[in-house]
Amino acid sequence: MRIAVTGSIATDHLMTFPGRFADQLVADQLHTVSLSFLVDNLDVRRGGVGANICFGMGQLGTGPILVGAAGSDFDEYRAWLDRHGVDTESVRISEVLHTARFVCTTDADHNQIGSFYTGAMSEARQIELKKVADRVGGLDLVLIGADDPEAMLRHTEECKARSIPFAADFSQQIARMSGDDIRTLLDGATYLFSNEYEKGLIESKTGWTDAEILAKVGHRVTTLGSRGVRIERVGTEPILVGCAEEEAKVDPTGVGDAFRAGFLSGLAWGVGLERAAQVGCMLATLVIETLGTQEYTLSRARFMERFVKAYGDEAGDEVAAHLG
């Protein structure tokens with residue numbers, strides 16, 4: 001199964017604030033917020049939702065195709081992704097802009113405040129999925145992740161025009177998108193990904209109810225934080241999958257991307273929705289235990305040991321048959 005992942009390629013500048021953001025907010029002054037947080041440390045990591053998802057899929061051996069735009073400073077990052085099983089040949093390199101930057105501060109309660117500089121990401125709208133499909137011999141699924149908004153719309157329209165199944169995943173871009181854009185991006189999607197908060201925002205912005213949205217997509221996949229994930233389809237009972245036990249809670253950045261990587265890998269293996277969600281939850285657990293979105297190591301033996309502990313022998317046997 002050939003899966004292309006469109007989305008941002010960026011470097012993450014991650015900082016930690018030892019206090020709580022909530023303690024610094026004055027309820028009747030929120031319209032004039034002016035705050036500066038003295039942070040304890042700075043870690044510069046590879047990131048971007050497209051690259052994060054592809055890294056996880058590459059670790060699982062499913063050969064993802066990364067589709068996005070980066071700057072001339074991408075060479076080292078490209079080599080890293082190539083070494084970890086990602087096809088980067090469809091990444092567009094800008095001649096004038098730097099690779100995008102994400103700057104994020106996490107407080108003691110694991111709340112986050114972030115900013116994103118688009119940089120070369122703005123050129124992703126110039127990428128034609130047909131050229132990608134022709135190069136790799138066709139596409140079975142395209143995940144349209146958070147990216148340049150015009151690129152997201154263009155990729156969606158092209159998938160619809162060429163009858164390529166696609167997954168809608170607005171993520172961070174939902175805040176700046178209009179209801180019309182969101183309706184266009186999700187209508188006809190095979191999968192719609194969001195967290196619980198984004199789920200409510202999607203319904204608010206589109207004016208569509210939960211049932212109306214579910215009727216327009218094949219599957220609605222909603223991550224529930226520490227409670228795992230819920231997968232819904234019209235006419236069937238929801239599938240609920242819990243999280244694997246954490247050994248530590250270090251940094252939540254990239255946990256959603258890791259879930260998507262595991263879930264998509266499960267789809268590529270053909271193991272079914274529940275099993276795919278379990279793989280996603282296990283991979284997400286590895287990421288929350290690590291500082292940075294691509295700093296975890298996937299040891300097959302350790303992964304399977306923890307997977308079986310969380311989801312049982314039958315699940316383990318099915319996944320082990322595919323995990324290289």
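Me: What is the relative accessibility of His 110, the value by which it counts as partly exposed?

Reply: This is a predicted model, in which local features need pLDDT of at least 70, side-chain atom pairs count only at pLDDT 80 or more, and totals for chains, interfaces and linings use all residues. Residues are numbered from 1 along each chain as its sequence is written, and side-chain values use heavy atoms, with hydrogens and water left out. Buried means under 20% relative accessible area, exposed over 50%, and partly exposed in between (1.4 Å probe, protein chains only). His 110 counts as partly exposed because its relative accessibility is 28%.

Me: Where is His 110 placed?

Reply: His 110 has a phi near 65°, a positive value in a residue other than glycine. Helices (H or I, at least four residues) and strands (E, at least two) are DSSP runs, numbered from the N terminus. With that naming, the place of His 110 is in the loop between strand S6 (100–106) and strand S7 (112–117).

Me: Does Ser 171 count as buried or exposed?

Reply: Ser 171 is not a glycine, yet its phi is positive, at about 50°. You will find Ser 171 in the loop between strand S9 (166–169) and helix H5 (179–186). Its relative accessibility is 17%, so Ser 171 counts as buried.

Me: Let's look at helix H2. Why are its buried residues on the same side of H2?

Reply: H2 runs over residues 75–83, and its buried residues are Tyr 77, Arg 78, Trp 80 and Leu 81. They are on the same side of H2 because, around the axis, they cover an arc (taken from the directions from the helix axis to the C-beta atoms) of only 160°.

Me: Which residues are exposed on the other side of H2?

Reply: The buried side of H2 holds, among others, Tyr 77 and Trp 80. On the other side of H2, the exposed residues are Asp 75, Glu 76 and Arg 83.

Me: Which residues is Thr 88 in contact with, leaving aside its neighbours within four places in sequence?

Reply: Thr 88 lies in the loop between H2 and S5, where it is buried, with a relative accessible area of 1%. From C-alpha to C-alpha, Thr 88 and Phe 74 are 11 Å apart in space, and they are 14 residues apart in sequence. Leaving aside neighbours within four places in sequence, the contacts of Thr 88 are Arg 78, Leu 81 and Asp 82.

Me: Which residues of H5 does helix H4 meet?

Reply: H4 (residues 149–161) packs with H5 at an angle of about 35°, their axes 9 Å apart. Axes are lines fitted to C-alpha atoms, for helices over the stretch in contact, and angles run from 0 to 180 degrees between N-to-C directions. From H4, Met 152, Leu 153, Thr 156 and Lys 160 meet these H5 residues: Asp 181, Thr 184 and Leu 185.

Me: Which exposed residues are on the face of H6 turned away from its buried side?

Reply: Helix H6 (residues 196–206) has Glu 198, Lys 199, Ile 202, Glu 203 and Thr 206 buried. Seen down the axis, these buried residues fall within an arc of 140°, so they line one face of H6. They pack against H5, strand S10 (191–195), helix H7 (210–216), strand S11 (219–223) and strand S12 (229–232). The face turned away carries the exposed residues Tyr 197 and Ser 204.

Me: Which residues of H11 make the contact with H9?

Reply: Helix H9 (residues 273–288) and helix H11 (residues 313–320) pack at an angle of about 85°, with their axes 11 Å apart. That makes H9 roughly perpendicular to H11 (under 35 degrees counts as roughly parallel, over 145 as roughly antiparallel, 65 to 115 as roughly perpendicular and the rest as oblique). H9 brings Arg 275, Gln 278 and Val 279 to the contact, and H11 brings Glu 314, Ala 315, Glu 318 and Val 319.

Me: Within what distance do the axes of H10 and H11 come?

Reply: Arg 300, Met 304, Phe 307, Val 308 and Tyr 311 in H10 meet residues of H11, including Gly 316 and Ala 320. The axes of H10 (residues 300–311) and H11 cross at roughly 145° and come within 7 Å.

Terms used:
Contact = heavy atoms within 4.5 Å.
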